[in-house]
Amino acid sequence: MIKSLTRKQQEVFDFLLQNQDNFPHPPTLEELCVGMGLKSRGSLHNHIKALINENLVEAPERKQRGIRLTEYAKEMIGHSNDQSALPFVGFIAAGKPIEAVENITYMSIPEQLKTQNPCYVLKVKGDSMLEQGIYDGDWVIIEQRCHARNGEIVVALINKAEATLKFIEQYPHETLLIPANSTMEAMRYTPEQVEIQGVLVGQMRSYTKNH
């Protein structure tokens, strides 16, 4: 699933991807409508425009009227089919938002550092978890889920605006996000303010120096 796409846009993209060898030539809008069993050509046209904006589909030209995937889309899917690769989606820090990465890149991750469930990679900025051995510049592997047990390290989205990596403690009237740094205070929120976006399952570190 590509995060920037709606469910319908993803369905159109998946259909193009899975059926590109079944068409004798890149399909027209009409052929796509028939192939997907859609009644409205207008809504399909809007979905195709969104895929063009995401650089996943080439804009049709007079000479090439059919709808074809871009080289970027093929490359991205090729990486995602690599069983050892996970999407790297940005940076995470204490009280700072995740920085969106426009062109999703993939990182090869040892099997021991991930689970069978969907996972993604974040790069740590800051020292709020250093007493847990998580340092600035480390990569963390996050299992994508919306629930966690007390004491787990989570990616928490606060007020739908800022994401942070912290221990979580959940109570009926309060959620605590606790740093692993004795110089920092726990952050206290109502349960409605905190949305769990994943749980830490692995960690990697590079020892190369940046010049």
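This is a predicted model: local features need pLDDT of at least 70, side-chain atom pairs count only at pLDDT 80 or more; totals for chains, interfaces and linings use all residues.

Axes here are lines fitted to C-alpha atoms, for helices over the stretch in contact, and angles run from 0 to 180 degrees between N-to-C directions.

Residues are numbered from 1 along each chain as its sequence is written, and side-chain values use heavy atoms, with hydrogens and water left out.

Who meets whom? From α2 come L29, E30, L32 and C33, and from α3 come R41, L44, H45 and I48. Contact means heavy atoms within 4.5 Å. By class, this contact of α2 with α3 has five nonpolar, one polar and two charged residues. Nonpolar means Ala, Val, Leu, Ile, Met, Phe, Trp, Tyr, Cys and Pro; charged means Asp, Glu, Lys and Arg; the others, Gly among them, are polar.

Next pair. Helix α1 (residues 7–19) and helix α3 (residues 41–53) have axes that come within 9 Å and cross at roughly 80°. On the α1 side, look for K8, Q9, V12, F13 and L16; they meet L44, H47, I48, A50 and L51 in α3.

Now zoom in on I48. Which residues does I48 contact, leaving aside its neighbours within four places in sequence? They are V12, L16, L29, L32, V57 and I67.

I48 also belongs to the largest nonpolar core, which has 17 residues. L16, I48 and L51 have the most contacts inside this core. A nonpolar core is a set of buried Ala, Val, Leu, Ile, Met, Phe, Trp, Tyr and Cys residues joined through side-chain atoms within 4.5 Å. Buried means under 20% relative accessible area, exposed over 50%, partly exposed in between, with a 1.4 Å probe and protein chains only. α1, α2 (29–36), α3 and α4 (71–80) each supply at least two residues of this core. The largest share, four residues, comes from α1. A second, separate core has 15 residues, including L122, V124, M129 and A163.

On to the strands. Strand β5 (residues 153–158) and strand β6 (residues 162–171) run antiparallel, joined by six bridges. Two strands pair if DSSP finds at least two bridges between them. Find A156: it stands opposite T164 in β6. The hairpin of β5 and β6 has three residues between the strands, and there N159 takes a positive phi near 55°.

β6 also pairs with strand β7 (residues 174–178), antiparallel, over five bridges. Here I168 stands opposite L177 in β7. This hairpin has two residues between its strands.

One loop to finish the tour. Q144 lies between β4 (139–143) and β5. Is Q144 buried, exposed or partly exposed? Partly exposed, with a relative accessible area of 43%. Its C-alpha atom is 6.7 Å from that of V199, 55 residues apart along the chain.

Stepping back, the protein chain has four helices and nine strands. Helices (H or I, at least four residues) and strands (E, at least two) are DSSP runs, numbered from the N terminus.
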